[in-house]
Amino acid sequence: MSEQVNTADLYDERGEELESVAIQFHNLGGHTHFSGPVRTIRCFEDNALVKTILNTPGEGAVLVIDGQASLRTALMGDLIAASAVANGWSGVVINGAIRDREAISRLPLGVKALGSNPKKSAKTGVGEVDVELVIDRVRIQPGVMIYCDPDGILIER
């Protein structure tokens with residue numbers, strides 16, 4: 001991301017063109033402000049698709065993962081997060097948990113998640129990629145812009 005976008009200022013400028021996600025995600029990455037076009041994954045306690053997608057060129061995109069708010073297993077750890085950095089992803093938003101949060105906090109990557117759990121997830125590849133998600137009643141389509149900072153998350157309508 002070339003410039004830092006503050007979500008409060010952006011909302012003041014664009015208002016109803018944007019949806020706000022009210023869930024109070026934790027800022028866990030080294031970058032607190034990040035934005036980009038959305039890619040999506042829907043999965044449940046299985047991070048094989050997360051690893052696969054973050055190992056592809058991100059080109060500044062933000063991966064939004066709907067882990068159905070499960071905190072029982074981590075959907076991303078430091079190795080997968082490091083691959084996201086190496087592949088040019090701007091950030092990851094996880095409706096679920098991460099692990100290795102201290103290491104992830106030192107990476108130049110935006111990360112928002114509900115919390116952390118050291119337990120590994122399954123790796124069977126069950127889930128869906130580039131599908132519409134609904135998180136906190138906000139519809140998230142692949143390709144729309146997402147803006148994240150410590151104040152929250154805004155999604156283009």
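Two strands pair if DSSP finds at least two bridges between them. I kept that in mind while going through this predicted model.

**Entry 1: strand E7**

I started with strand E7, residues 110-116. E2 (residues 26-27) pairs with E7 in the antiparallel sense, and I found 2 bridges there, so that pair just makes the cut-off of at least two. Asn27 is the residue facing Lys112 in E7.

Then I looked at E6, residues 91-98. E6 and E7 run parallel and are joined by 6 bridges. Here Val92 sits opposite Val111 of E7.

Is E7 mostly covered or mostly open? I got covered: 6 of the 7 residues in E7 are buried.

**Entry 2: salt bridges**

Next I searched the whole structure for salt bridges and got 9. Why can such pairs form at all? Side chains of opposite charge can pair when their charged atoms come close.

I checked Asp130 with Arg39 and read 2.8 Å from N to O. Asp130 is in the loop between strands E8 and E9, while Arg39 is in strand E3, so this pair ties together parts 91 residues apart in sequence. Asp130 is partly exposed at 35% relative accessibility, and Arg39 is also partly exposed, at 23%.

Glu128 and Arg42 came next, with 2.6 Å from N to O. This pair links E8 to E3 across 86 residues. I noted Glu128 as partly exposed at 38%, and Arg42 as partly exposed at 24%. Elsewhere, salt bridges with shared partners join Arg14, Glu17 and Glu156 into one network.

Methods
Residues are numbered from 1 along each chain as its sequence is written. This is a predicted model: local features need pLDDT of at least 70, side-chain atom pairs count only at pLDDT 80 or more; totals for chains, interfaces and linings use all residues. Side-chain values use heavy atoms; hydrogens and water are left out. Buried means under 20% relative accessible area, exposed over 50%, partly exposed in between (1.4 Å probe, protein chains only). Helices (H or I, at least four residues) and strands (E, at least two) are DSSP runs, numbered from the N terminus. A salt bridge is a side-chain nitrogen of Lys or Arg within 4 Å of a carboxyl oxygen of Asp or Glu.
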